[in-house]
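Please look at the sequence and structure first.

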Amino acid sequence: MTSSARPILNRRLAEFGTTIFAEMSALAATTGSINLGQGFPDTDGPEEIREAAVRALRDGRGNQYPPGPGVPELRTAIAAHQQRRYGLTYDPDTEVLVTAGATEAIAASLLALVEPGDEVVALEPYYDSYAACVAMAGGRRVPVTLRPHDGAFRLDLDELRAAVTDRTRLLLINTPHNPTGTVLTREELSAIAELAVERDLLVVTDEVYEHLVFDDAVHVPLATLPGMRERTVTISSAGKTYSYTGWKVGWVTAPPALVTAVRAAKQFLTYVSAGPFQYAVAEALNLPEDYFTALREDLRAKRDLLAAGLEKAGFAVFRPAGTYFITADIRPLGESDGFAFCRSLPERAGVVAIPNAVFYDHREEGAPFVRFAFCKRHQTLREAAERLAGLRHG
């Protein structure tokens with residue numbers, strides 16, 4: 001232990017403590033509460049994909065270090081997925097990189113592409129790793145806040161344009177958006193694309209919920225828009241789509257120069273990971289369309305079940321167009337502090353949620369909002385709704 005008065009944790013990370021997900025999941029475990037905080041399913045994904053991983057283990061595929069960019073089978077499957085879904089053509093050998101989940105892909109992208117002092121514009125609220133990764137890269141984050149409007153959280157394009165300065169290096173875009181559930185429209189994305197081209201900006205897009213969109217929402221990859229393929233690092237992963245979040249298999253698709261840059265950082269983070277699971281995810285990406293349709297319909301029904309329960313309990317609910325999550329406003333319950341509400345909720349109702357304020361630089365903007373995950377079994381959601389019903393009368 002140093003005897004110096006100098007802080008042990010470096011100043012770039014000093015503002016970041018234990019993640020709220022660890023805190024609230026631990027609270028769920030100690031109180032026996034239903035955990036609707038962290039976004040992981042309480043059932044496994046397709047059995048044939050699990051068996052594909054078992055088969056890879058038994059066949060000795062991936063039990064030693066896989067290739068640095070990812071196994072060829074997975075890189076080929078990722079490129080085929082982008083072509084089949086979106087008409088985006090990527091070379092599996094030079095334009096695809098496999099990572100330890102989307103979280104590593106985001107970290108490696110920011111570490112590779114951001115110089116100390118560069119500004120990174122991101123949509124607030126944002127997944128908490130964004131802020132930490134910008135800090136580790138020595139960048140300065142510039143939040144553009146999505147605000148409630150007509151039952152959803154919307155982007156103010158004028159505010160986005162005003163946030164871009166001569167010091168801006170990169171736009172960090174997330175759609176479908178966690179935690180608000182907003183799916184950016186083609187018109188909004190076109191405006192973002194025009195801004196990026198006009199100001200010669202790089203763009204990193206987090207599209208891990210690309211298959212989890214509901215009702216009339218449509219996911220449009222930013223790289224499909226004019227002028228964007230050559231400047232966009234597109235990130236996705238298998239965890240959310242196939243309900244195997246513990247496998248941590250993500251990927252980057254981008255032009256060769258950008259992939260090379262991201263790989264330069266990635267190789268000194270995990271180097272490689274998830275060898276046998278990569279073969280299984282390669283098979284998962286080739287599942288028939290029926291799988292994705294059934295997944296969306298199941299999650300839409302779960303969304304509606306939990307949303308109805310939250311409304312009955314007295315929350316104001318923002319019904320999401322995508323993702324695993326519902327944002328609810330606690331003010332109709334006479335509350336205004338999301339942190340205090342979520343920390344007391346396990347004792348009051350036996351349910352765990354996440355305070356949205358952790359996803360904001362401007363904490364006051366997110367203070368009255370909390371996030372619930374609906375990627376759980378129907379019975380789990382019904383029980384949670386029954387427990388929460390007592391809040392209105394509590």
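Contact here means heavy atoms within 4.5 Å. The model is predicted: local features need pLDDT of at least 70, side-chain atom pairs count only at pLDDT 80 or more, and totals for chains, interfaces and linings use all residues. Residues are numbered from 1 along each chain as its sequence is written, and side-chain values use heavy atoms, with hydrogens and water left out.

Not counting residues up to four places away in sequence, Glu188 touches Arg154, Leu155, Leu157 and Val183. Glu188 lies in helix α7, residues 186-199. Helices (H or I, at least four residues) and strands (E, at least two) are DSSP runs, numbered from the N terminus. Is Glu188 buried or exposed? Glu188 is buried, because its relative accessible area is 9%; buried means under 20%, exposed over 50%, and partly exposed in between (1.4 Å probe, protein chains only). Its side chain makes a polar contact with the side chain of Arg154, at 2.8 Å. A polar contact is a pair of N or O atoms within 3.5 Å; within protein, one must be able to donate a hydrogen and the other to accept it, and residues adjacent in sequence count only if both atoms are side-chain atoms.

Ile78 sits in helix α3, residues 72-86. Ile78 is buried too, with a relative accessible area of 1%. Leaving aside neighbours within four places in sequence, Ile78 is in contact with Val96, Val98, Trp251, Thr253 and Leu285.

**Strand β10**

Trp251 and Thr253 bring us to strand β10, residues 250-253. Both faces of β10 are covered. Gly250 and Val252 are buried on one side, Trp251 and Thr253 on the other. Strands pair if DSSP finds at least two bridges between them. Strand β2 (residues 96-99) pairs with β10 in the antiparallel sense over four bridges. Here Thr99 has Gly250 as its bridge partner. Strand β9 (residues 232-237) and β10 are also antiparallel, over four bridges. In this pairing, Ile235 is bridged to Val252.

**Helix α12**

Which residues of α12 are buried? In this helix (residues 338-349) they are Gly338, Phe339, Phe341, Cys342, Leu345, Pro346 and Ala349. These buried residues pack against α1 (20-31), β13 (351-352), β14 (354-355), α13 (363-366), β15 (369-373) and α14 (378-388). At the start of α12, a side-chain oxygen of Asp337 comes within 3.0 Å of the backbone nitrogen of Phe339. Just after the helix, Gly350 has a positive phi of about 70°.

**Aromatic rings**

The whole structure holds 19 aromatic pairs. Rings of Phe, Tyr and Trp (its six-membered ring) pair if their centres lie within 6.5 Å; planes under 30 degrees apart count as stacked, over 60 as edge-to-face and the rest as tilted. Phe214 and Phe374 form a tilted pair, because their planes are at 55°, with ring centres 6.2 Å apart. This pair links distant parts of the chain, 160 residues apart. Phe214 is in the loop between β8 (202-206) and β9, and Phe374 in the loop between β15 and α14. Phe315 and Phe372 are edge-to-face, 5.6 Å centre to centre and 80° between the planes. They too link distant parts of the chain: Phe315 in the loop between α11 (289-313) and β11 (316-318), Phe372 in strand β15, 57 residues apart.

| Residue | Relative accessible area | Class |
|---|---|---|
| Phe214 | 2% | buried |
| Phe374 | 0% | buried |
| Phe315 | 4% | buried |
| Phe372 | 0% | buried |

Phe21, Tyr126, Tyr127, Tyr130 and Phe359 form one aromatic cluster. Two arginines also meet rings. The charged end of Arg61 sits over the ring of Tyr279, 4.6 Å from its centre. That of Arg371 sits over the ring of Phe325, 3.5 Å from its centre. A charge sits over a ring if NZ of Lys or CZ of Arg is within 6 Å of the ring centre and within 35 degrees of the ring normal.

Cys375 is in no disulfide; the nearest cysteine sulfur, that of Cys342, is 16 Å away. Cys375 counts as buried, because its relative accessibility is 3%. Cys133 is buried as well, at 4% relative accessible area.

Terms used:
Disulfide = S-S within 2.5 Å.
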